[in-house]
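I opened this model to see how the chain is put together. My notes follow in the order I looked things up.

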Amino acid sequence: MPLKPAPILISDSVYHILSKFSKSRTLPARQVERAKIFILCADGLNNLQISEKVSIGQDSVSKWRTRFLKSLPLLREIEEKNPTELKDKITSLLSDYARTGQPPTYTDEQIIRILEIACRTPEEYGYEASHWSLNQLVDVVIKEGIAESISAKTISRFLKYGENPPASRPLLAAFLRKNG
C-alpha cells in the first residue's frame, strides 16, 4: 500500500485561488493541470493517486509537489505582507521556468558579413555568374573565413529572415541599436 503523505497545509485564500485556476478555461492547460496537482497535494493524496486523477506521470507530479513545497514559505509571506500579489505569485509558480535555449551558432557580425557578400555581385569573387547560387555563397563564406562550415539552407534562412531563428525584429536594426 502506497504511503499517504501528510497534507500540505495552505490557507483558504491560496486554496481558493488554486481552485479557480484548476477550473479555468482561459489559462494555459498546463497551468490548470498544475493547479489541480497542488489542490490534490493539499488534500493529502499521494503522487500515484494524483498522477491517476490528472493523467500525468508520477515524476511530473513529484517535481511539481516539490516545487510547491519549496514555494510555500514565500506564499505565506506574500499573503501576510501583500495579499494583492498572491494571485500573481501563484500564477508564476504554475508557469515553467524560463529556459535559456541553445546559444546561436552564428554571431550577428557573421550574419551581417554573409548578407554583405550576398549584396555584392558574384563577379567580385571570381564567379562567372550574374546572380548568386546558395552553394557559391557557401564557398565564399568559408573562403573568406567568416565561418568554418555553413549549409546552403542556413544561408537561405539568413537571406530570408536576416538572422538565425525567424524573429520579428530586423537584424540590422538590432545590430545598430546594440553597437550604435
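**Overall fold**

I read along the sequence and found the pattern α-α-α-α-α-α-α-α-α. The model is predicted, so I keep that in mind throughout. I counted 9 helices and 0 strands. Next I asked what share of the chain is buried. Buried residues account for 38% of the 180 residues. The accessible surface comes to about 11900 Å². Carbon and sulfur atoms hold 53% of that surface. I also looked at contacts between residues at least 6 apart in sequence. Of these, 53% join residues at least 24 apart.

**Cores**

Which residues have the most contacts inside the largest nonpolar core? I listed Ile10, Leu18, Ile37, Phe38, Ile50, Phe68 and Ile90. This core has 27 residues. The elements that give it two or more residues are helix H1 (12-22), helix H2 (29-42), H3, helix H4 (58-81) and helix H5 (86-94). H2 supplies the largest share, 7 residues.

I then took Ile10 on its own. Leaving aside neighbours within four places in sequence, Ile10 is in contact with Tyr15, Leu18, Ala42, Phe68 and Leu72. Two of the names on that list, Leu18 and Phe68, are also among the residues with the most contacts inside the core.

There is a second, separate core. It has 16 residues, including Ile117, Tyr127, Val141 and Ile146.

**Helix H6**

I checked the span of helix H6 (residues 108-119). H6 has 12 residues and reaches 16 Å from its first C-alpha to its last. That is close to the 16 Å expected at 1.5 Å a residue. Which residues of H6 are buried? I noted Asp108, Gln110, Ile111, Ile112, Ile114, Leu115 and Ile117.

**Cysteines**

I looked for disulfides and found 0. Cys119 has a relative accessible area of 69%, over the 50% cut-off, so Cys119 is exposed.

**Asn47 and H3**

Asn47 sits in helix H3 (residues 47-54). What does the side chain of Asn47 make a polar contact with? Its partner is the side chain of Arg65, at 2.7 Å. I also listed the contacts of Asn47, leaving aside neighbours within four places in sequence. They are Gln58, Val61, Ser62 and Arg65.

**Two loop residues**

Ser55 lies in the loop between H3 and H4. Phi of Ser55 is near 65°. I flagged this as a positive value in a residue other than glycine. Ser55 has a relative accessible area of 63%, so I put it down as exposed.

Gly126 lies in the loop between H6 and helix H7 (134-143). Gly126 counts as exposed because its relative accessible area is 64%. How far apart are the C-alpha atoms of Gly126 and Val140? I noted a separation of 9.8 Å for these two, which are 14 residues apart along the chain.

Methods: Residues are numbered from 1 along each chain as its sequence is written. This is a predicted model: local features need pLDDT of at least 70, side-chain atom pairs count only at pLDDT 80 or more; totals for chains, interfaces and linings use all residues. Side-chain values use heavy atoms; hydrogens and water are left out. Helices (H or I, at least four residues) and strands (E, at least two) are DSSP runs, numbered from the N terminus. A polar contact is a pair of N or O atoms within 3.5 Å; within protein, one must be able to donate a hydrogen and the other to accept it, and residues adjacent in sequence count only if both atoms are side-chain atoms. Contact means heavy atoms within 4.5 Å. A disulfide is a pair of cysteine sulfur atoms within 2.5 Å. Buried means under 20% relative accessible area, exposed over 50%, partly exposed in between (1.4 Å probe, protein chains only). A nonpolar core is a set of buried Ala, Val, Leu, Ile, Met, Phe, Trp, Tyr and Cys residues joined through side-chain atoms within 4.5 Å. Accessible areas come from the Shrake-Rupley method with a 1.4 Å probe; for residues, only the protein chains shown count as cover. The expected span of a helix is 1.5 Å times one less than its number of residues.
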